[in-house]
Amino acid sequence: MSERQDATQASAGTSERDPAGGTDRVRLQPRRIRLVCWISAAVLVVVFALIATTLTGPTGNGYGTFQRGDQFAMIGLGVLFALGTLLFTRPRVEADAHRIRVRNIIGSYELPWEVVRGVRFDRGAPWAALELYDDDLLPVVALQAADKQLAVDGVRALRRLHQAHLTAVTERATR
């Protein structure tokens with residue numbers, strides 16, 4: 001395997017062959033958004049902690065004073081906002097010869113390949129999508145345009161699995 005393929009698999013996901021069944025498995029997750037979210041979460045906690053240290057003395061009009069609980073509440077808000085930011089690291093996609101599992105920011109789907117018409121990554125789209133036979137489009141947020149070639153390689157791997165499944169189904173039908 002080349003260095004480029006090794007780097008692709010290490011950062012965007014993995015592609016494995018199951019020795020028992022001879023089938024491929026693909027696991028993918030976004031790379032760039034994960035890095036941005038982890039850095040942003042750390043910055044949010046630090047900023048809110050710094051704000052908390054400045055909450056001392058009287059309030060604006062002097063009718064109340066900031067208490068220790070106000071400082072802890074501000075740090076707690078920073079932690080909550082950081083956790084909310086980390087939700088964007090949740091997207092993943094796993095696929096094998098029989099099904100595809102998509103986990104987006106909110107919601108997860110497990111679909112057999114039979115209901116998938118194709119894997120789309122339209123020009124200008126922020127992420128890939130699964131085109132279903134009932135004319136629905138299911139976003140695959142794990143394959144983001146910001147990851148460039150890694151996302152393209154991921155879409156190609158999913159298309160290969162989908163095509164292999166379609167081939168296997170037609171072979172079974174002709175027997």
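Which residue stands opposite Ser108 in strand E5? In this predicted model, the residue that stands opposite Ser108 of E5 is Arg103.

**Strand E4 and its two faces**
- Strand E4 covers residues 99–103, and its covered face is made up of Ile100 and Val102, whereas Arg99, Arg101 and Arg103 belong to the uncovered face.

**Pairing with strand E3**
- Strand E3, residues 92–95, runs antiparallel to E4, and the two strands are joined by 4 bridges.
- Within this pairing, Ala95 has Ile100 of E4 as its bridge partner, and Ile100 is also one of the residues on the covered face of E4.

**Pairing with strand E5**
- Strand E5, residues 108–112, also runs antiparallel to E4, and here the two strands are joined by 5 bridges.
- Arg103, which lies on the uncovered face of E4, is the residue found opposite Ser108 in E5.
- The hairpin of E4 and E5 has 4 residues between the strands, and in this hairpin Gly107 takes a positive phi near 105 degrees.

- The side chain of Gln71 reaches the backbone oxygen of Leu55 at a distance of 3.1 Å.
- When neighbours within four places in sequence are left aside, Gln71 is in contact with Ala52, Thr53, Leu55 and Thr56.

Note on methods. Residues are numbered from 1 along each chain as its sequence is written. This is a predicted model: local features need pLDDT of at least 70, side-chain atom pairs count only at pLDDT 80 or more; totals for chains, interfaces and linings use all residues. Side-chain values use heavy atoms; hydrogens and water are left out. A polar contact is a pair of N or O atoms within 3.5 Å; within protein, one must be able to donate a hydrogen and the other to accept it, and residues adjacent in sequence count only if both atoms are side-chain atoms. Contact means heavy atoms within 4.5 Å. Buried means under 20% relative accessible area, exposed over 50%, partly exposed in between (1.4 Å probe, protein chains only). Two strands pair if DSSP finds at least two bridges between them.
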